[in-house]
Amino acid sequence: MSLITKILTALRGGAREVGESIVDKNSIRIFEQEIKDAQGQIDKAKRDLTEVMAKEMQAARKVENIQADIIKHEDYVGKALADNNETLALEIAEKIGVLQAEADIQQKAQASFENHTNRLKGMIKKTTKALADMERQFIMVKTTDSVQKATAAITDNYASGSSKLLTAKESLDRIKEKQADLEDRLSAGEILQDEFDGTDDLDEKMKAAGIIEGDSKAQDILAKLKAKQG
Amino acid sequence: MNELSTLANRLAEKGKESGNGFPFEVNPIPGEVEVLQIVIEDREELPIFISVSEEQILCMSYLFKQDEIKSGKENEINKAMLIANISMPLSAFSLIDDQYVIYGSLSVNSSLDDITHEIEILSDNILESIEAMREYLN
C-alpha cells in the first residue's frame with residue numbers, strides 16, 4: 001500500500017481525537033532508521049565498488065602483460081626453430097602454454113570483477129532511488145504530522161475567537177460591507193473635496209469681480225478703526 | 001522554533017509598513033507546532049495561519065465547515081472546488097476533518113516578499129472562492 005493511501009485511510013478513519021497525530025512517533029523512528037540503513041548500504045557499496053574496480057583494472061593490466069609476454073616467446077620459438085634448436089623451441093612452447101593458462105585465469109578474474117562492478121553499480125542505483133523515495137515519503141509523513149499539529153493549534157485558537165461564530169458567507173459579507181464602506185467613504189471624500197475646491201474657485205472669482213472682499217480686508221478694518229479713533 | 005519567531009517579527013514589521021496597501025497583524029499561537037495568525041485589516045473575519053516545518057512554509061485559511069454546505073450539494077461543491085483548484089493562482093483547496101481549507105505552500109527558503117505576496121494572493125483567493133461557492137452554502 002502506498003504511503004498516500006495509508007495517510008488517506010488514517011485521515012478518513014475520522015475516529016481520531018481532534019489534533020491527535022495520525023503518525024505515531026515509533027513509525028517515524030523506524031522510518032528514520034531505514035533511511036540511515038539505506039544510506040549506509042550505499043556508502044558501503046560505493047567503497048566496495050572502488051575496490052572491485054581497482055582489482056578489475058589490475059587483472060586487465062596483467063592480461064595485457066602476459067599477452068605481450070606470449071608474443072615475445074612466440075618470437076623466441078621462431079628464432080629457436082630458425083637455429084634448428086628443436087629442444088629449446090619445445091621448452092619455450094611449454095612456457096607459452098603456462099603463460100596462456102595464466103592469461104586465461106586472469107581473464108576470467110577480470111570478467112568476474114567486471115560482473116561484480118556492474119552488480120554493485122546496479123545496486124547503488126537502485127538503493128539511491130529507493131532512498132530518494134523513502135526520503136520523499138518521510139517528508140510526506142512529517143508534513144502530515146506538522147499539518148495535523150498546526151491544525152490542532154489553529155482549531156483551539158479559532159474556537160475561542162469570535163470569528164468562528166460566523167459562517168463563511170457571513171464573514172465574506174461583512175468583509176464586503178467594510179470594503180463597500182471604505183469605497184463609499186473614499187468617494188464621499190472625493191465629492192467633498194470637489195465641493196471645497198469648487199467653493200475656492202468661486203471665492204476667487206467673486207474676489208476678482210470685487211463682489212466679496214479680498215485681501216484688502218485688513219486694511220479696510222484698520223481704516224475703520226482709525227476713523228473711529230479720530 | 002526560533003525561526004518562526006524571527007519570521008513573525010519580520011512579517012509583523014512588513015505588515016505595519018505604510019504604503020504597502022495591505023496592512024496586517026501577526027499573532028503567534030502556541031501549540032505543539034507553533035502557528036502564526038495573520039489578521040488582515042478589513043478582512044479580520046478570515047485570518048490566515050502560517051506554520052513552518054523543515055520543508056515548507058504552509059499558509060492556510062479556514063473556508064467553511066461541512067455542515068455549512070446546503071444539504072444534497074456536497075458532491076456538487078466538491079466537484080466545483082476540484083475543478084476550480086487548478087485555476088487558482090498559488091493556492092489550493094483541501095479538507096481537514098470537516099473543515100474545508102485553502103492553502104498555499106512555499107519553500108522554507110522563500111524571501112519575506114514571497115511570503116507577503118503569498119498572503120496577499122491567498123487572502124484574495126479566500127474571498128473569491130467563498131464568493132464562487134456561495135450558491136452551495138447555507
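A salt bridge is counted here when a side-chain nitrogen of Lys or Arg lies within 4 Å of a carboxyl oxygen of Asp or Glu. Between chain B and chain A of this predicted model, the count comes to seven salt bridges. One of them joins K176(A) to E131(B), with the closest N and O atoms 2.6 Å apart.

As for the contact itself (heavy atoms within 4.5 Å), chain B puts in 33 residues and chain A 30 residues. The two chains bury about 2,900 Å² between them, 60% of it on carbon and sulfur atoms; buried area is the accessible area (1.4 Å probe) lost by two parts on being put together, summed over both. On the chain B side, E45(B), Y62(B) and R134(B) lose the most area to chain A, together 23% of what that side buries.

A cavity is a set of points on a 1 Å grid, over the protein atoms alone, where a 1.4 Å probe fits but cannot get out, and its lining residues have an atom within 4 Å of a point. The whole structure has two cavities of 30 Å³ or more. Both chains line the second largest cavity: A150(A) and I154(A) are there, along with V35(B), F49(B), I50(B), S51(B), L58(B) and M60(B).

Residues are numbered from 1 along each chain as its sequence is written, while chains are lettered from A and ligands numbered from 1 in the order in which they are written. Local features need pLDDT of at least 70 and side-chain atom pairs 80 or more, totals for chains, interfaces and linings use all residues, and side-chain values use heavy atoms, leaving out hydrogens and water.

Methods. On a 1 Å grid over the protein atoms alone, a cavity is a set of points where a 1.4 Å probe fits but cannot get out, and a pocket is an open set with protein on both sides within 12 Å along at least five of seven lines; lining residues have an atom within 4 Å of a point. Grid points are joined across faces, edges and corners, and a volume is the space filled by probe spheres set on the points.
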